[in-house]
Amino acid sequence: MFTENELKEIASTFLKENYEISLKIPVIRNNRLRSTLGRYVINNKGEPLRIELSGTLLTYGAKETIIGVLNHECIHYAFHKQGKPMHDGNPLFERALAKHKAPSTKTLKVGKFYTYYCERCKKPGESRLKRLVTHCDDYRTKCCRAKIILTGEKIYNGINS
Ligand SMILES: [Zn+2]
Ligand SMILES: [Zn+2]
């Protein structure tokens, strides 16, 4: 959907307009990033290295979702540059996120999920684990330790969840 150049352009504009900062690091796609949708990476000397967005976000995320996560990472960068508290959860940082309508960390659901229900109590569930589909018999539900009945898949884009 977005190329790395387009992402960098969006980030540069956001930083210039809101923080009067120019973006001096690359914005890259990271297909191995699974624990989070995006991250701001610094080296061990505390210098900015790059902004990464996950392949999952860029493949499945809605346009607004992608830009929201990108702006979130930009705010980390801006706060770092300006010597402000740059960590998730800090009230000042969270206020800046809210001001720019950027999501807090871990609040978005994005990607392909496999849906199922519990054979015994029929409680529905979903999982990102692909192994659930290929090795369904290896798994049991948490509720009843019963068989998992797969029903299909659902795509979340960060807006429809
Ligand atoms: Zn963050
Ligand atoms: Zn159950």
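In the predicted model, helices α1 and α3 form a right-handed crossing. Helix α1 covers residues 4–19, and helix α3 covers residues 63–81. Their axes come within 10 Å and cross at roughly 55 degrees. Angles from 65 to 115 degrees count as roughly perpendicular and angles under 35 degrees as roughly parallel. The two helices are therefore oblique to each other.

Both helices contribute residues to this contact. From α1 come Leu7, Ile10, Ala11, Phe14, Leu15 and Tyr19. From α3 come Ile67, Leu70, Asn71, Cys74 and Ala78. By residue class, 10 of the contact residues are nonpolar and one is polar. None is charged.

At the level of domains, the protein is divided in two. Domain 1 runs over residues 4–99, and domain 2 over residues 110–157. Their C-alpha centres lie 32 Å apart. The contact between the domains takes seven residues from domain 1 and six residues from domain 2.

On the domain 1 side, one element stands out. Helix α2, residues 55–60, supplies three residues, the largest share of the side that touches domain 2. In class, this side of domain 1 has four nonpolar and three polar residues. Charged residues are absent from the side of domain 1 that touches domain 2, and the contact of α1 with α3 also has no charged residues.

Terms used:
Residues numbered from 1 in each chain as written. Chains lettered and ligands numbered in written order. Predicted model: local features only at pLDDT ≥ 70, side-chain atom pairs only at ≥ 80, totals over all residues. Axes fitted to C-alpha atoms, helices over the stretch in contact; angles between N-to-C directions. Helix = DSSP H or I, 4+ residues; strand = E, 2+ residues; numbered from the N terminus. Parallel < 35°, antiparallel > 145°, perpendicular 65-115°, else oblique. Left-handed = near helix turned anticlockwise from the far one by under 90°. Contact = placed C-beta atoms within 7 Å. Nonpolar A, V, L, I, M, F, W, Y, C, P; charged D, E, K, R; others polar. Domains from an automatic or database assignment.
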